[in-house]
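Please read this briefing alongside the sequence and the model.

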Amino acid sequence: MVRLYTDDLSIGYGEQLIVKDLSVQIPNQKITTIIGPNGCGKSTLLKAITRIISHQSGTVVLDGKNVSKENTKVLAKKMAILPQTPESASGLTVGELVSYGRFPYQTGFGRLSQKDYEVIDWAMKVTNTSTFKYLPVDSLSGGQRQRVWIAMALAQETEIIFLDEPTTYLDMAHQLEVLELLQRLNKEEKRTIVMVLHDLNQAARFADYIVALKDGQIVKAGPCEEVITKEVLRGVFNIDAEIGIDPRTNKPMCITYDLLKGE
Amino acid sequence: MGFLHYFCRKDNMMKTSIHFSLKFIIGLILLVGMFCVSMVFGAASTSLQDVWQSIFTGVKSDSINILRELRLPREVAAMLVGAALAVSGAIMQGITRNPLADPGLLGLTSGANAALAISLALIPGINYFGITIACFIGAAVGAVMVFGIGATKKGGFSPLRIVLAGAAVSAFLYAVADGVGIYFKISKDVSMWTAGGLIGTSWSQLQMITPFIAMGIVVALLLSRQLTILSLNEEVAVGLGQKTTQTKTILFIVVILLAGASVALVGNMAFVGLMVPHIVRSIVGTDYRLIIPMSVIAGAFLMLIADTIGRTINIPYETPVAAIIAIMGLPFFLVIVRKGGRIFQ
């Protein structure tokens, strides 16, 4: 079942289109990863689907409704977005920042209800950030901070969560920590996760479904076995890749690669 | 007031706000104390008893009349302007995520100034209401010019770039004001308005201006939660379901009301909007629900100090309050620049 899809979506400014006539379906309750070279329009696509930027033509449809015509607060209860490396949290404590995830549910001055507190506590527990509750977000390490931002997105209680390069600037262990958290949310909480990732092997390991973009168009979209192949990677990244099987996860992985010559 | 429940809530989420009510009350006490000090000290010697009688009784005597007709409106104006400038600075810093934002530095004050000069030149005998409206329009034009220049280049909203644009636009607009003053031979009138500071503030002026400032501050308090989210990151704000364009537009209008009203009341006054929110942040943190109310108090407090110093440092002559503020503000500005505009982190 598909709740979210785009239909002939074009995004760009004036004549310069970054994404052209793109139609993609986001599988429900799965992890979808968008990959592609720098400037291919991955982040742009993510932002357009989540109405952060407007698109030129085509539609984004969620639950049968056109996203650009939907009430933005209603949408905020259905999908959460974590932009690329949010700057500093300007001094807010972890608890305060996570509590802002309840924004779409509040009216007026925004007093938090009992329910709000429960959700906030739950979000911090799941992301393992409860112990930082009273600490300023900016005093945490990169990995901890990223988990706090994810907690805020979780406090939004949306079924769909978008993340733009959630592992940037993190070391290997912390990257894995974040991705495993997302995987757990997907498996245990049945959240639909859509994210942009740079690392092909991470994409293959954690995604159920991969969308490979180049120059604003889909080269290939499907399960990892169909996307992480020699042919697709040649078309998308201009590389000659050696594909093997990860002995621990049985997922395809790029063992080594070279730049394609003569192009 | 509807916002009072902020000060009494016991949020387990916001450890800071448990102490906020205490900080706010201390601030209020300090403000009242400073108000008494500024009422007592001045060229004409008065006592605390006179101050009390001038405000709460109908007793008449020379010194009480001075207090009631000269010093009281003047100190009320000082508090209003301090609060208005501090809140407008806080809002601007929040919207632009620029720690150097200040209505005096970003073209609003100079815009209001130029509009004031032009309106005095073109409409002889313009009344105070007309001048106020002209100040609002001028403040808006000045701000639009600065942000227009800042936006001409991609990534143009960097703190220092905006400040440079602000300096250029301000220089231009001050030149316009001077030019108009000289050409129409009204320099004296113009400078009486713009450099006059708090001298000669009357109750009738206050009656005109107070509703604008009060309205601006109330709207700012109502939108303070939205402002905090906006100050984090615009994309986050959209993702959380905020109508960012609408929020920014309303806040922009609030800033123009507050800055324009301040110019109409006291003329140029840079640095208040810059300094106060930074001081307040170091006391209450970075949630605008706390910053805005605290800025009201701290801004009023700062202006009272500055005006009292201005009136007493060289009796019987007055030192312009704008000069006192500038002397306090400049080192502050340099510290923020030195920190590379990273004071938020």
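**Briefing**

The crossing of α13(B) and α14(B) is right-handed, a crossing being right-handed if the near helix is turned clockwise from the far one by less than a right angle, and left-handed if anticlockwise. This is a predicted model, in which local features need pLDDT of at least 70 and side-chain atom pairs count only at pLDDT 80 or more, while totals for chains, interfaces and linings use all residues. Residues are numbered from 1 along each chain as its sequence is written, with chains lettered from A and ligands numbered from 1 in the order in which they are written.

**Helices α13 and α14 of chain B**

- Helix α13 (residues 272-284) and helix α14 (residues 288-312) of chain B pack at about 125°, with axes 9 Å apart; axes are lines fitted to C-alpha atoms over the stretch in contact, and angles run from 0 to 180 degrees between N-to-C directions.
- Helices here are DSSP runs (H or I, at least four residues), numbered from the N terminus.
- α13(B) and α14(B) are therefore oblique to each other (under 35 degrees counts as roughly parallel, over 145 as roughly antiparallel, 65 to 115 as roughly perpendicular and the rest as oblique).
- The contact (C-beta atoms, placed from the backbone, within 7 Å) includes V276(B) and V280(B) of α13(B) and L290(B) and M294(B) of α14(B).
- Its residues divide into 13 nonpolar, two polar and one charged (Ala, Val, Leu, Ile, Met, Phe, Trp, Tyr, Cys and Pro count as nonpolar, Asp, Glu, Lys and Arg as charged, and the others, Gly among them, as polar).

**Helices α4 and α9 of chain B**

- The axes of α4 (residues 62-96) and α9 (residues 203-222) of chain B come within 10 Å and cross at roughly 30°.
- That makes α4(B) roughly parallel to α9(B), and their crossing is left-handed.
- Among the contact residues are L80(B) and V87(B) of α4(B) and I209(B) and I213(B) of α9(B).
- The contact of α4(B) with α9(B) has 14 nonpolar, two polar and no charged residues.

**R71 of chain B**

- R71(B) lies in helix α4 of chain B and is buried, with 26 other C-beta atoms within 10 Å (buried requires 20 or more, exposed 12 or fewer, partly exposed in between).
- Not counting residues up to four places away in sequence, R71(B) touches M39(B), G42(B) and I66(B).

**Domains of chain A**

- Chain A is divided into domain 1 (1-78 + 158-229) and domain 2 (88-157), with bounds from an automatic or database domain assignment.
- Their C-alpha centres lie 23 Å apart.
- The contact takes 12 residues from domain 1 of chain A and 10 residues from domain 2 of chain A.
- On the domain 1 side, the largest share, four residues, comes from α6(A).

Definitions and conventions: Helix = DSSP H or I, 4+ residues; strand = E, 2+ residues; numbered from the N terminus. Contact = placed C-beta atoms within 7 Å.
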